[in-house]
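Here are my notes on this one, written to be read with the picture open. Take the points in order and find each residue as you go.

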Amino acid sequence: MTEIKQTSNKEAEDRQKRIGLWAAGIFTVLAAAFAVISIYAVIVMQHGRFYLEDAVLMPTTIVGVALSILSYFLIRRGRYQVGVELLFINMMVLPIIATLLVDNFEVIAASYIAIFAPIMFIWVLPRASRRRAAIVIALVVSAMIGIDNNILVRLLTYDDPAQAEAASSRVTLFSISSTR
């Protein structure tokens, strides 16, 4: 009886490790694709000129690739929980940074989160990590809503139109329009 239980647990751990490795590989490829697109945009489309969002997003995507590769190797070496949690946090950070810097990016970032967060939550993250993951998902969604609605400007200005215009102009210094 004990041998059957140990064999069953070993098979479940192996399956979970395979799923985690696949997820890390997929997110590594996605992050690499984002990095390549970012580099292509600067070199080819912008003729080597870096704008504010490029100066932030390009290193962020490269760090994302590095963290995805690191999580792959952590999972492979038996540090499953650390590896998948690192992968999950890495996956949740990039959409927030992109939403802060690029106008009209909320739908793409929200779609990214809506597709990949449930996959990570259901199939990849261990049960022990799911409560923290749910809190992170809620914080990310709240941040996306806050960024989309310019809540920071409203909190600072108390809905005074004159102050809102001044604060909004300061905020748009950090949020570069995609129509240059």
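1. Start with a charged pair: R132 and E85 form a salt bridge, with their closest N and O atoms 2.5 Å apart. (A salt bridge here is a side-chain nitrogen of Lys or Arg within 4 Å of a carboxyl oxygen of Asp or Glu.) The two residues come from distant parts of the chain, R132 from helix α5 and E85 from helix α3, 47 residues apart. R132 counts as partly exposed because its relative accessibility is 46%, and E85 is partly exposed too, at 24%. (Buried means under 20% relative accessible area, exposed over 50%, and partly exposed in between, using a 1.4 Å probe and protein chains only.)

2. Before going on, a word on the source: this is a predicted model, where local features need pLDDT of at least 70 and side-chain atom pairs count only at pLDDT 80 or more, while totals for chains, interfaces and linings use all residues. Residues are numbered from 1 along each chain as its sequence is written, and side-chain values use heavy atoms, leaving out hydrogens and water.

3. Helix α3 (residues 80-101) and helix α5 (residues 130-148) pack at about 5°, their axes 10 Å apart. That makes α3 roughly parallel to α5, since angles under 35 degrees get that label, over 145 roughly antiparallel, 65 to 115 roughly perpendicular and the rest oblique. (Axes are lines fitted to C-alpha atoms, for helices over the stretch in contact, and angles run from 0 to 180 degrees between N-to-C directions.)

4. Who touches whom? On the α3 side, the residues include F88, I89 and M92, and on the α5 side they include V136, I137 and V140. (Contact means heavy atoms within 4.5 Å.)

5. The structure holds 2 salt bridges. One of them joins the side chains of D14 and K10, at 3.7 Å from N to O. Both lie in helix α1 (residues 2-45), 4 residues apart, about one turn of the helix. D14 is partly exposed at 33% relative accessibility, and K10 is partly exposed at 48%.

6. Finally, the whole protein: it has 7 helices and 0 strands. (Helices, H or I and at least four residues, and strands, E and at least two, are DSSP runs numbered from the N terminus.) Of its 180 residues, 33% count as buried. In helix α4, the buried residues include Y112, I113 and F116.
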